[in-house]
Amino acid sequence: MKKIFFFLLAIPIILLIIFLAIYDELNANKLLANIQKDTNLIINLEDVGKWKFYPSIEYASMISAKGTESNVVIDKSKIRFLKNYWPLSPLDLELDSPSIQYEGLILRNSKLKAKYSNKIIDIRKFNAKLNDGDINTIGKISVDENKSIQLNGSFNNISLNTIFAQTNTARWDRVNIKIASPHYNLVTTYKSKEMFIASLNGLMEIKGSVFFNSTEEERFGAALLSLLVDKVTSLSSVSKSISYLLDKFADVPSAITGELQFINGTISTKDLLLQNNNGRALINAQINMLSNNINGK
């Protein structure tokens, strides 16, 4: 009888100890301090937050954030932490943000579902709007000393012109490129911007559209070059290539399909095909993202 009594008395005590341990782990200030330490984000609470204790422990609040080492700005967003009563269970994280800005890019209506355990953020789902396109991603981010990123996903209807303009990378006034990727996988480290690029590896399937305008000067130059071929035979291949591009692809919408390979910060094309009803062109190129050098044909 005494054993049963002590057993029944021990149950609520054990549950209370577990509850206090989890409650301390979900302390709002402690949570935000740990996130700030791991991600270099300064996080501000926009309200007092709300707690729920059944069927799991839950804390929800409104936050805003700004990066200390990067140009990341998260506008007033809903964040929710959930944890089961089992002490070793991972911490669930949900984020609903109207705007996340990074280096000039603005991700709208971002929705994130992730789990956090042992300094690994397991992204179960991330959806966002980028300009007129959509991004869908899953992956893992380690926030330990390795600072590695693994991402798998897809995107649709992304304008390269808009992205380059927003990030002050380049301005293309006469070329318009929109791309989509049914699937990509990328790995890298984010110890620094240079390391982020130099360590970038993976594969990206590409499909999209290309449209570029030609000028009267370019067409006149191509015609003049074709006349010079009789005098300078070494210009023959150049003349044929330029004439072919202007005749088949200038001022006409074209489709582009293929793959991009990322190898230590260099992008290489694989079977990248440009085509329309007038003609086809196979593009072979390598782009060094650190030096912005392009080699190709």
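Which residues does Leu160 touch, not counting residues up to four places away in sequence? Leu160 touches Trp172, Ile177 and Ile179, where contact means heavy atoms within 4.5 Å. Before I go on, this is a predicted model, in which local features need pLDDT of at least 70 and side-chain atom pairs count only at pLDDT 80 or more, while totals for chains, interfaces and linings use all residues. Residues are numbered from 1 along each chain as its sequence is written, and side-chain values use heavy atoms, with hydrogens and water left out.

Leu160 lies in helix α3, residues 160-166; helices (H or I, at least four residues) and strands (E, at least two) are DSSP runs, numbered from the N terminus. The C-alpha atoms of Leu160 and Trp172, which are twelve residues apart along the chain, are separated by 9.1 Å.

Let me turn to the aromatic rings. Rings of Phe, Tyr and Trp (its six-membered ring) pair if their centres lie within 6.5 Å, with planes under 30 degrees apart counted as stacked, over 60 as edge-to-face and the rest as tilted. By this rule there is one aromatic pair: the centres of the Phe155 and Tyr184 rings are 6.0 Å apart and their planes are at 45°, so the pair is tilted. Because Phe155 lies in strand β9 (residues 148-159) and Tyr184 in strand β10 (residues 175-189), the pair ties together parts that are 29 residues apart in sequence.

Both Phe155 and Tyr184 are buried, and buried here means under 20% relative accessible area, exposed over 50%, and partly exposed in between, with a 1.4 Å probe and protein chains only.

Leaving aside residues up to four places away in sequence, Asn127 touches Asn109, Ser110, Lys111, Ile135 and Asn136. The C-alpha atoms of Asn127 and Asn109, 18 residues apart along the chain, are separated by 7.9 Å.
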